[in-house]
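Visitor: I am new to reading protein structures. Could you walk me through this one, step by step?

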Amino acid sequence: MTHSAAVEHHPLLPRIEQALDTIRPYLAADGGNVRVLDITEDMVLQLELLGACGTCPMSPMTLKAGVEESVKKAVPEIRSVEAINVTPMGEQPAGQTGRPVQPNPVPTPQF
């Protein structure tokens, strides 16, 4: 994985990469990956979602429930994880809004 010059020598990077390596197989199974972009002074890990992760409607949940939890468990110094290219759930183009609607049954033809 290539990193930005600013983060390349950060002391937490090896531990972060190790944590990310534990979840990369799951991301790769769906055609995605992540790349570390920066670790801010506030201890926020900034990632870029790659491949299918960049356009997947589930990316915000994967980021919080999978990636962030794995990283924070392995590297408690990290306060949060954010992706610079994730679309918030409310702005996702696919899916229903509001409550699910029951489909109308298709009438069975009478012979």
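Guide: Happy to! We can begin with a polar contact of 2.9 Å that joins the side chains of Q46 and E82; a polar contact is a pair of N or O atoms within 3.5 Å, where within protein one must be able to donate a hydrogen and the other to accept it, and residues adjacent in sequence count only if both atoms are side-chain atoms. Please keep in mind that this is a predicted model, in which local features need pLDDT of at least 70, side-chain atom pairs count only at pLDDT 80 or more, and totals for chains, interfaces and linings use all residues. Residues are numbered from 1 along each chain as its sequence is written, and side-chain values use heavy atoms, with hydrogens and water left out.

Visitor: In which strand is the place of Q46?

Guide: Helices (H or I, at least four residues) and strands (E, at least two) are DSSP runs, numbered from the N terminus. Residues 44–51 make up the strand that holds Q46, and its name is β2.

Visitor: Does Q46 count as buried or exposed?

Guide: Buried means under 20% relative accessible area, exposed over 50%, and partly exposed in between, with a 1.4 Å probe and protein chains only. The relative accessibility of Q46 is 19%, so Q46 counts as buried.

Visitor: Which residues does Q46 touch, not counting those up to four places away in sequence?

Guide: Contact means heavy atoms within 4.5 Å. With residues up to four places away left aside, Q46 touches R35, V36, L37, D38, T40, E82 and I84.

Visitor: In what order do the three strands form their open sheet?

Guide: Two strands pair if DSSP finds at least two bridges between them. The pairing in this open sheet is mixed, and the order is β1-β2-β3.

Visitor: Why is one side of β1 and of β3 left without a neighbour in the sheet?

Guide: β1 (32–39) and β3 (80–83) each have a single partner strand. One side of each therefore has no neighbour in the sheet, because both stand at the edges.

Visitor: In which sense do β2 and β3 pair?

Guide: Strands of a sheet pair through backbone hydrogen bonds, either parallel or antiparallel. Here V44 stands opposite S80 in β3. Over four bridges, the sense in which β2 and β3 pair is parallel.

Visitor: Which strands does helix α2 touch?

Guide: Helix α2 spans residues 59–74 and packs on the sheet. The strands it touches are β2 and β3.

Definitions and conventions. Axes are lines fitted to C-alpha atoms, for helices over the stretch in contact, and angles run from 0 to 180 degrees between N-to-C directions.
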